[in-house]
Amino acid sequence: MKTNLLHYLLPKGGVVFRGRINPSFDLRFYESKALSYNHYGEPKLWRANLPGQAVFYGTLLDVLCMQAEERLYANIVCEISDFFRTKDKLGFQIISLGCWEAKRDIRLVSFPLHDGFKDPSTTLLSLDKQWNQINGKTAYDDSKITEIAKLFASDFSMYAKSDPYVIASYKKTATFTHDLFEQNPDIDGIVYPCTRLDGNGIDVVLKPDVADNDLVLSKILILGLYKIEVGRSRLLPIEMCDDVSNGLVYSELKPEDLKEFNDNIKDFHLNYFDK
């Protein structure tokens, strides 16, 4: 059975974002390998990778969204920080955010949205509409291709947790992703909805060789995630390294540099806990 793949292009110069929690306030990640996919140890089974298989998970800016920057940061924090997702846990955490620039056009594929998402991103809604158009929306109920793709989207969108049903779903999606990459060398990765934000964010998984050879770390932003009371968080910039290609060059961040982001991210955090 064959299906038409919906391609999504991240153009040359486009940026993929990937965050990592730092061990402590004073010990921070700056090196490209530390901010890339897991080059060390044995990767565990996850949404798009089999045990022992390394892939690059990241986040894209939703260019069609009115609050794209705020949602980008909220997406990243929701994906990587258990501390943030634990509502009544207070304190602070330091995050190194790597901004990876594409050295060439990155060819991604997208699948239809899982029907359970309450608030999918504008870009993903547009891709879903295009997918249905090229794969025969008029024959939706009778289309085995659409049925299988919807099941895949449902499994791919499982909320990450140590649950036997979720693990079984991840085995299916990880195997599918592995086979898709093996059989389609021209495909660089998959774009999919941020599950933790109910679809309102864009995540991406890339082949490791694409991350190694076709992305360059162009900027590092060090962020402080502060939780001073239950249900309230602030994400504030601490420092920025903006010329990593020629060594680490630090810039002093002025309060106005990210003032819109600082003002809006708090409300978005509160919305997360209301889900």
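## Cysteines

Let's start with the sulfurs: the structure holds zero disulfides, a disulfide being a pair of cysteine sulfur atoms within 2.5 Å. This is a predicted model, in which local features need pLDDT of at least 70 and side-chain atom pairs count only at pLDDT 80 or more, while totals for chains, interfaces and linings use all residues. Residues are numbered from 1 along each chain as its sequence is written, and side-chain values use heavy atoms, with hydrogens and water left out.

For C194, the closest cysteine sulfur belongs to C78, and at 6.2 Å it is too far for a bond. C194 is buried at 0% relative accessibility, where buried means under 20% relative accessible area with a 1.4 Å probe and protein chains only. C99 is buried as well, at 10%.

## Around D188

You will find D188 in the loop between α6 (164-183) and β6 (189-193); helices (H or I, at least four residues) and strands (E, at least two) are DSSP runs, numbered from the N terminus. With a relative accessibility of 2%, D188 counts as buried.

Leaving aside residues up to four places away in sequence, D188 touches R104, D105, I106, R107, L108, F181, V205, L206, K207 and V210, contact meaning heavy atoms within 4.5 Å.

## Pocket lining

In the lining of the largest pocket, the residues divide into 16 nonpolar, eight polar and 10 charged. Here Ala, Val, Leu, Ile, Met, Phe, Trp, Tyr, Cys and Pro count as nonpolar, Asp, Glu, Lys and Arg as charged, and the others, Gly among them, as polar. The element that gives the most to this lining is β2, with five residues.

Key
Buried means under 20% relative accessible area, exposed over 50%, partly exposed in between (1.4 Å probe, protein chains only).
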